[in-house]
Amino acid sequence: FIIIYIHIFVKDYSFNKKSNLGFKYNLNTSKSFSDTNGYIHSENITPIINSSSISTPNECNSKNELISYYSHKFDDNGKMLTVTSNMTYFDKDVFSPLSQLNTFSVANNELNISNKSLKVDFTLPITKHNMTFNLGSKIANSKVNSFGQYNLGNSNAEILLNPIYNNETK
């Protein structure tokens with residue numbers, strides 16, 4: 001099992017005392033390779049059915065995130081405008097071989113998600129009444145792709161080592 005986490009923060013760039021620009025980048029990735037087989041055994045008395053299955057799933061995940069922001073203070077009372085953009089990409093791959101009752105199956109699934117957003121926030125303090133108005137708006141776009149390949153209930157154990165897929169889903 002491998003996990004990698006990287007967080008890169010680029011220091012704010014200040015144009016003057018009231019304006020700055022900043023960037024952040026995050027990377028999360030993990031890989032899980034099964035060291036042991038998952039073994040399930042079940043028994044039924046009537047009718048007599050004994051069933052065993054062995055599976056060794058492997059999974060890989062990665063997430064990349066890029067954040068940029070700009071903020072500007074209009075005055076010393078706290079009136080401020082902040083614009084933030086965010087892009088996130090997530091990928092997941094799962095490979096699952098399975099053997100059960102002299103039948104063999106393989107599944108390979110991929111999931112890809114991308115999110116993009118733009119957010120604008122405005123802060124307006126009213127010091128006379130000890131109040132603050134926060135106004136904001138956000139627009140976002142998400143896209144998801146899911147793809148699966150399968151070969152289920154095959155009598156040849158060779159597909160566990162050299163997968164040949166006969167079914168696909170999108």
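Reader: How many salt bridges does the structure hold?

Author: Start with the criterion: a side-chain nitrogen of Lys or Arg lies within 4 Å of a carboxyl oxygen of Asp or Glu. The structure holds three such salt bridges. Bear in mind that this is a predicted model: local features need pLDDT of at least 70, side-chain atom pairs count only at pLDDT 80 or more, and totals for chains, interfaces and linings use all residues. Residues are numbered from 1 along each chain as its sequence is written, and side-chain values use heavy atoms, with hydrogens and water left out.

Reader: Where in the chain do Glu 59 and Lys 92 lie?

Author: Glu 59 is in strand 5 and Lys 92 is in strand 6 (residues 80-100), 33 residues apart, so the pair links distant parts of the chain. Strands here are DSSP E runs of at least two residues, while helices are H or I runs of at least four, both numbered from the N terminus. The closest N and O atoms of Glu 59 and Lys 92 are 3.6 Å apart.

Reader: Which residues make the other bridges?

Author: Lys 79 meets Asp 75, at 4.0 Å from N to O. Lys 119 bridges to Asp 121, with the closest N and O atoms 3.6 Å apart.

Reader: Now the aromatics. How many pairs are there?

Author: The rule covers rings of Phe, Tyr and Trp (its six-membered ring) with centres within 6.5 Å; planes under 30 degrees apart are stacked, over 60 edge-to-face, and the rest tilted. The structure holds three aromatic pairs. One of them joins Phe 15 and Tyr 70: the ring centres are 6.5 Å apart and the planes meet at 45°, so the pair is tilted. Phe 15 lies in the loop between strand 1 and strand 2 (19-33), and Tyr 70 in strand 5 (residues 58-73), so the pair ties together parts that are 55 residues apart in sequence. Phe 15 is exposed at 53%. Tyr 70 is partly exposed at 29%.

Reader: What is the strand pattern?

Author: The chain has zero helices and nine strands. Along the sequence it reads β-β-β-β-β-β-β-β-β.

Reader: How many bridges join strand 6 to strand 7, and strand 7 to strand 8?

Author: Strands pair if DSSP finds at least two bridges between them. Strand 6 and strand 7 pair antiparallel over 21 bridges. Tyr 89 has Ser 114, in strand 7, as its bridge partner. Strand 7 and strand 8 also run antiparallel, joined by 22 bridges. There Pro 125 is partnered by Thr 132 in strand 8.

Reader: What should I check in the turns?

Author: Check phi. Most residues other than glycine have a negative phi. Strand 6 and strand 7 form a hairpin with two residues between them, and Leu 101 in that turn has a positive phi of about 50°. The hairpin of strand 7 and strand 8 has four residues between them, and Asn 130 in the turn has a positive phi of about 55°. Asn 130 is exposed at 75%.

Reader: Which residues is Ser 117 in contact with?

Author: Contact means heavy atoms within 4.5 Å. Leaving aside neighbours within four places in sequence, Ser 117 touches Thr 84, Ser 85, Asn 86, Lys 138, Ile 139 and Ala 140. Ser 117 sits in strand 7. Ser 117 is buried, at 17%.

Reader: What are the figures for the whole chain?

Author: Buried residues make up 19% of the 170 residues. Among contacts between residues at least 6 apart in sequence, 57% join residues at least 24 apart.

Key. Buried means under 20% relative accessible area, exposed over 50%, partly exposed in between (1.4 Å probe, protein chains only).
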